[in-house]
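Visitor: Before we start, may I see the chain that we are going to discuss?
Guide: Here it is.

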Amino acid sequence: MGTCSGISTTSIKSGLSRRDIVKTISFAWTTPAILARRKTCTRRQWGYEYARRWHEGDLAAAYDRQPRYRGKQIETIILTCDPYLETTDLMPDSDYEAEGFAYLEEQGMLFRGIEPRAYWEQWKAAKMPMWVVRFEYAT
């Protein structure tokens with residue numbers, strides 16, 4: 001697992017303005033977990049150069065779908081560490097909650113058409129390299 005320095009985002013939150021948000025990220029399938037504030041991690045299949053543009057302390061507008069498809073901003077998040085590359089077989093069990101799957105399961109929702117736990121197990125077995133993005137809510 002990557003390391004996060006655990007910055008204090010209090011000073012970032014107190015000085016937050018809309019012009020500070022320069023990145024966007026969409027959550028689509030896990031939007032309900034974002035709205036319930038039960039998601040603090042996401043994994044992405046980003047290219048190296050793109051991933052390296054994201055940094056601890058960055059603010060990002062969280063969307064329910066990509067803005068180009070009429071997505072709506074639903075939250076503002078702050079990255080709590082630089083994204084890091086990790087294969088899905090190394091995901092810690094605690095990330096079931098952090099990825100929002102526990103919330104979806106509790107609500108009886110499906111993820112990409114299947115039960116969240118089944119998707120999680122398939123994801124772990126796939127051993128896919130993905131960028132791990134850890135965050136908290138800005139407000």
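Guide: Strand 3 (residues 59-63) and strand 4 pair in the antiparallel sense, over five bridges. This is a predicted model, in which local features need pLDDT of at least 70 and side-chain atom pairs count only at pLDDT 80 or more, while totals for chains, interfaces and linings use all residues. Residues are numbered from 1 along each chain as its sequence is written, and side-chain values use heavy atoms, with hydrogens and water left out.

Visitor: What makes strand 3 and strand 4 a pair?
Guide: Two strands pair if DSSP finds at least two bridges between them. Strand 3 and strand 4 have five bridges, so they pair under that rule. One of the bridges joins L59 to I78 in strand 4.

Visitor: Which sense does the pairing of strand 4 and strand 6 have?
Guide: Those two strands are antiparallel as well, over three bridges. L79 stands opposite F135 in strand 6.

Visitor: How are helices and strands counted here?
Guide: They are DSSP runs, numbered from the N terminus: helices are H or I with at least four residues, strands are E with at least two. The chain comes to six helices and six strands. Their order from the N terminus is α-β-α-β-α-β-β-β-α-α-α-β.

Visitor: Why is strand 4 described as largely enclosed?
Guide: Five of the seven residues of strand 4 (residues 73-79) are buried, so the rest of the structure largely encloses this strand. Buried means under 20% relative accessible area, exposed over 50%, and partly exposed in between (1.4 Å probe, protein chains only). Of the 139 residues of the chain, 45% count as buried.

Visitor: Why is R43 called buried?
Guide: R43 has a relative accessible area of 6%, and the limit is under 20%, so the word applies. R43 is in strand 2 (residues 41-44).

Visitor: What makes the link between R43 and E86 a polar contact?
Guide: A polar contact is a pair of N or O atoms within 3.5 Å; within protein, one must be able to donate a hydrogen and the other to accept it, and residues adjacent in sequence count only if both atoms are side-chain atoms. The side chains of R43 and E86 are joined at 2.9 Å, and those of R43 and E99 at 2.7 Å. Both values lie within 3.5 Å.

Visitor: How many aromatic pairs are there?
Guide: The count comes to 16. Rings of Phe, Tyr and Trp (its six-membered ring) pair if their centres lie within 6.5 Å; planes under 30 degrees apart count as stacked, over 60 as edge-to-face and the rest as tilted. Y48 lies in helix 3 (residues 48-51) and W131 in strand 6 (residues 129-137), so the pair ties together parts that are 83 residues apart in sequence. W131 is buried, at 3%.

Visitor: Why is the pair of F101 and W120 called edge-to-face?
Guide: The centres of the two rings are 5.8 Å apart and the planes stand at 65°, which is over 60, so the pair is edge-to-face. F101 is buried, with a relative accessible area of 1%, and W120 is buried with 1%. Both belong to one aromatic cluster, together with W29, Y96, F111, Y119 and W123.

Visitor: How do you know that K23 lies over the face of W54?
Guide: The rule asks for NZ of Lys or CZ of Arg within 6 Å of the ring centre and within 35 degrees of the ring normal. K23 is at 5.6 Å from the ring centre of W54. R44 lies over the face of F27, at 5.2 Å from the ring centre.
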